[in-house]
Amino acid sequence: MRTLGIVAAALALSACSIGKDVPLAEAGAARFHQSLDAGKFAETWQSAAPELRAATPQDKWLALLDAVHRKLGKFRTSKTIGWNDNFNNGVHFIVLNQEAQYERGTAQEQFVYRIDAGKAALAGYHVNSDALILN
């Protein structure tokens, strides 16, 4: 019986390969930037994870993305500078920290993606850029 418990624990841990879902989150960030450039702000809110929709009313989300797009301009490129893979009460989150280059400046962006059934849903977005304040 004890051996069965050890085997079950080993199988559970092997199913949770740390970092294997980072590419899902990075693909989500790429889709986010495409939607931002296309002005599809409402679609990003509607397809977001319940955590984002509960924390941020749609009108505030739309105003945030409008300001980011208006002040930073078109998205150019980004690179992931760090990530965390978190399991919280049975819910799986990937946190990506990215450096982004936009038409009118740089930004530090943090994306929080809820991973469920092989899909990434945006659960949080944080952006920091001098261009948001100074322009």
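## Ground rules

Residues are numbered from 1 along each chain as its sequence is written, and side-chain values use heavy atoms, leaving out hydrogens and water. Because the model is predicted, local features need pLDDT of at least 70 and side-chain atom pairs count only at pLDDT 80 or more, while totals for chains, interfaces and linings use all residues.

Helices (H or I, at least four residues) and strands (E, at least two) are DSSP runs, numbered from the N terminus.

## The nonpolar cores

A nonpolar core is a set of buried Ala, Val, Leu, Ile, Met, Phe, Trp, Tyr and Cys residues joined through side-chain atoms within 4.5 Å. Buried means under 20% relative accessible area, exposed over 50%, and partly exposed in between (1.4 Å probe, protein chains only). The largest core holds 27 residues. Those touching the most other members are Phe-32, Trp-61, Tyr-102, Phe-111, Tyr-113, Leu-122 and Tyr-125. Several elements supply at least two residues each, among them helix H3 (41-46), strand S4 (119-128) and helix H6 (130-134). Helix H2 (22-38) gives the most, with five residues.

Take Phe-111. Contact means heavy atoms within 4.5 Å. Leaving aside neighbours within four places in sequence, Phe-111 has contacts including Ala-29, Phe-32, Ile-94, Leu-122 and Tyr-125. A second, separate core has six residues, including Val-91, Phe-93, Val-95 and Val-112.

Two strands pair if DSSP finds at least two bridges between them. Strand S1 (residues 75-88) and S2 run antiparallel, joined by twelve bridges. One of the pairings is Asn-86 with Phe-93 in S2. The hairpin of S1 and S2 has two residues between the strands, and Asn-89 takes a positive phi near 50° there.

S2 also runs antiparallel to S3, through eleven bridges. Here Gln-101 has Thr-106 in S3 as its bridge partner. S2 and S3 form a hairpin too, with two residues between them. S2 is mostly covered, with nine of its twelve residues buried.

## Helix H5

H5 covers residues 58-72. The expected span of a helix is 1.5 Å times one less than its number of residues. For the 15 residues of H5 that should be 21 Å, and its end C-alpha atoms are 21 Å apart, which agrees.

Which residues of H5 are buried? They are Trp-61, Leu-65, Val-68 and Leu-72. Seen down the axis of H5, these buried residues fall within an arc of 60° (taken from the directions from the helix axis to the C-beta atoms), so they line one face of the helix. On the other side, Asp-59 and Lys-60 are exposed. Gly-73 follows H5, with a positive phi near 80°.
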